[in-house]
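Hi,

Here is the structure we talked about. Please open it and keep it beside this email as you read.

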Amino acid sequence: MFGETIARFVEEERGRLGSDRFAVAELGAGSGSLLAPLASTLTFDPDPLIAIDLSPAARSKLGVTVPTATVAVSLDEVAPFSGVMIANELIDNVPMALAVRQGNDWRERWVGSDGVDLVWVDAPVRLEVEEWLGRWAGPVQDGGIVEVQLEAQALVLAALGKLDGGALVLVDYGNTAEGLANRRGEGTVRTYQGHHLGPHPLEAPGETDLTADVNFSALIDALTEAGAQTELVRQDEFLEGLGIRGRLDRMRVDELAAARDGEAMTQLEVRSLRTAGETLLHPRGLGDFRVLIARV
């Protein structure tokens, strides 16, 4: 339902640009679980449809799940286009620096080895890290930790640079710099394993997903300075604006009708879809994700 709902946004952007040739791309396309339903819902054939992913396994699967897509390893393989580029839960995985407040100064926290295990290593702060902190860290108490997302900025600027016209859509968990202020005590770096919180970030390397909340203020400023018009909304607001609430209401009616008619299998199928859609809107879950739209 997520991809099908975002298809409406794509249609609206195509209407805004008035372009006959309109591309759709996903950066970090993974298995194609977003791009495949999105593409199949559109009333037009994207020209081209592009799936971008670094993982050889993902690219192999994309050839099956989205057979009409051009599959690329990176943005370097993508020519500029007019259209929409989407990155869903990608930015939180982009490598970042860690900085620790020490009095009035900053130190970086690197990763090293004690000969047996991975350990944190204290290191002097690099100039570019210190400059980033000066703009987007906000007030941080002594010992507080900040994720410095320089590479995330570089990635979204590279993505924006591929758009001759259209929109870049970034969906992820995080907040503005101000909204992250109360998370600076211990920082937001954490791991996930099997959709559950995992062990310490230095344990089980390669066996967990390493992530941190996205500082959307840093991305907004970078994209705005590059000439884009930006808008930041909650995911529940974004999807509701695209009509998902009405669709869920209709599904609820269909579910009751199936129950009344004794169609148990249909009732279960509709309920499963409706529940998945409502999960996207949960105010303390996926609904609290942020959607950053950058238009050019």
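This is a predicted model: local features need pLDDT of at least 70, side-chain atom pairs count only at pLDDT 80 or more; totals for chains, interfaces and linings use all residues.

Backbone first. The peptide bond from aspartate 47 to proline 48 is cis, and its omega is near -5°. Proline 48 sits in the loop between helix H2 (35-41) and strand E2 (49-52).

Glutamate 89 has a positive phi, near 50°, and is not a glycine. Look for glutamate 89 in the loop between strand E4 (81-88) and strand E5 (97-102). Alanine 204 also has a positive phi near 50°. Its loop runs between strand E12 (196-197) and strand E13 (209-211). Alanine 204 is partly exposed, at 24% relative accessibility.

Now the salt bridges. The structure holds 22 of them.

Start with arginine 16 and glutamate 13, whose closest N and O atoms are 2.8 Å apart. They are three residues apart in helix H1 (residues 2-17), so about one helical turn separates them. Arginine 16 is partly exposed at 42%, whereas glutamate 13 is buried at 2%.

Next, arginine 295 pairs with glutamate 231, with the closest N and O atoms 3.4 Å apart. Arginine 295 is in strand E16 and glutamate 231 in strand E15, so this pair ties together parts that are 64 residues apart in sequence.

Last, arginine 274 bridges to glutamate 278, at 3.1 Å between the closest N and O atoms. Both lie in helix H9 (residues 264-279), four residues apart. Arg274 and Glu278 also belong to a salt-bridge network with Asp249, Arg252, Glu255 and Arg271.

Best wishes

How values were computed: Residues are numbered from 1 along each chain as its sequence is written. Side-chain values use heavy atoms; hydrogens and water are left out. Helices (H or I, at least four residues) and strands (E, at least two) are DSSP runs, numbered from the N terminus. Buried means under 20% relative accessible area, exposed over 50%, partly exposed in between (1.4 Å probe, protein chains only). A salt bridge is a side-chain nitrogen of Lys or Arg within 4 Å of a carboxyl oxygen of Asp or Glu.
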